[in-house]
Amino acid sequence: MKTVAAYLLAVLGGNTCPTATHLNNILASVGVEAEDDRIELLLSQVKGKDITEIIASGREKLASVPSGGGGGAVAVAAPATGGGAAAPDAAEAKKEEKVEDDGESDDDMCISLFD
């Protein structure tokens with residue numbers, strides 16, 4: 001991936017046909033040791049091709065990849081115990097979550113964290 005990034009940086013910098021030396025220099029400038037076999041493989045695969053065409057064909061391939069997301073409903077698993085007891089309704093669950101305020105507050109405790 002770092003080799004591809006170095007290639008793209010070289011092209012973005014105006015070098016339409018970077019060489020292995022160019023990529024080695026870019027990688028060395030950020031303290032990364034270049035892998036010559038990967039550089040040669042990349043250069044052989046992009047030789048004679050336009051980078052914009054390569055990116056466009058990659059986008060077409062990525063368009064068919066499922067990418068999750070989408071929100072939607074969440075399935076709730078049934079309890080592992082038997083007995084056929086139904087799961088409580090969402091309204092009942094919310095009712096149980098509410099905590100009643102008994103009118104007392106922590107202000108009366110005479111404890112302050114910021115004194």
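**Exercise 1.** Find the handedness of the crossing of α1 and α3.

*Solution.* Step one: the crossing of α1 and α3 is right-handed, where right-handed means that the near helix is turned clockwise from the far one by less than a right angle, and left-handed means anticlockwise. Before going on, note that this is a predicted model, where local features need pLDDT of at least 70 and side-chain atom pairs count only at pLDDT 80 or more, while totals for chains, interfaces and linings use all residues. Residues are numbered from 1 along each chain as its sequence is written, and side-chain values use heavy atoms, with hydrogens and water left out.

Step two: helix α1 covers residues 2-12 and helix α3 residues 36-46; helices here are DSSP runs (H or I, at least four residues), numbered from the N terminus. They pack at an angle of about 55°, with axes 10 Å apart. Axes are lines fitted to C-alpha atoms over the stretch in contact, and angles run from 0 to 180 degrees between N-to-C directions.

Step three: α1 and α3 are therefore oblique to each other (under 35 degrees is roughly parallel, over 145 roughly antiparallel, 65 to 115 roughly perpendicular, and the rest oblique).

Step four: who touches whom? On the α1 side, Thr3, Val4 and Tyr7 meet Arg38, Ile39, Leu42, Leu43 and Val46 of α3, contact being heavy atoms within 4.5 Å. These residues split into 6 nonpolar, 1 polar and 1 charged. (Ala, Val, Leu, Ile, Met, Phe, Trp, Tyr, Cys and Pro count as nonpolar, Asp, Glu, Lys and Arg as charged, and the others, Gly among them, as polar.)

**Exercise 2.** Work out how α1 is placed against helix α2 (residues 20-29).

*Solution.* Start with the geometry: the angle is about 105°, and the axes lie 9 Å apart. That makes α1 roughly perpendicular to α2. Next, the contacts: Lys2, Thr3, Ala6, Tyr7, Leu9 and Ala10 of α1 meet Leu23, Ile26 and Leu27 of α2. By class, that contact has 7 nonpolar residues, 1 polar and 1 charged.

**Exercise 3.** Now do the pair α2 and α3: at what angle do their axes cross?

*Solution.* The axes cross at roughly 130° and come within 10 Å. So α2 and α3 are oblique to each other, and their crossing is right-handed. From α2 come Ala20, Leu23, Asn24 and Leu27, and from α3 Asp36, Ile39, Glu40, Leu42 and Leu43. Sort the residues of this contact and you get 6 nonpolar, 1 polar and 2 charged.

**Exercise 4.** Which helix gives the largest share of the lining of the largest pocket?

*Solution.* First, the space: the largest pocket holds about 290 Å³. Of its 13 lining residues, Met1, Thr3, Val4, Leu42 and Gln45 are the closest to its centre. Then go through the helices: α1, α3 and α4 (51-63) each supply at least two lining residues, and α3 gives the largest share, 5 residues. The classes come out at 10 nonpolar, 2 polar and 1 charged.

Technical notes:
1 Å grid on protein atoms, 1.4 Å probe; cavity = no way out; pocket = protein on both sides within 12 Å on 5 of 7 lines; lining within 4 Å. Points joined across faces, edges and corners; volume = space filled by probe spheres on them.
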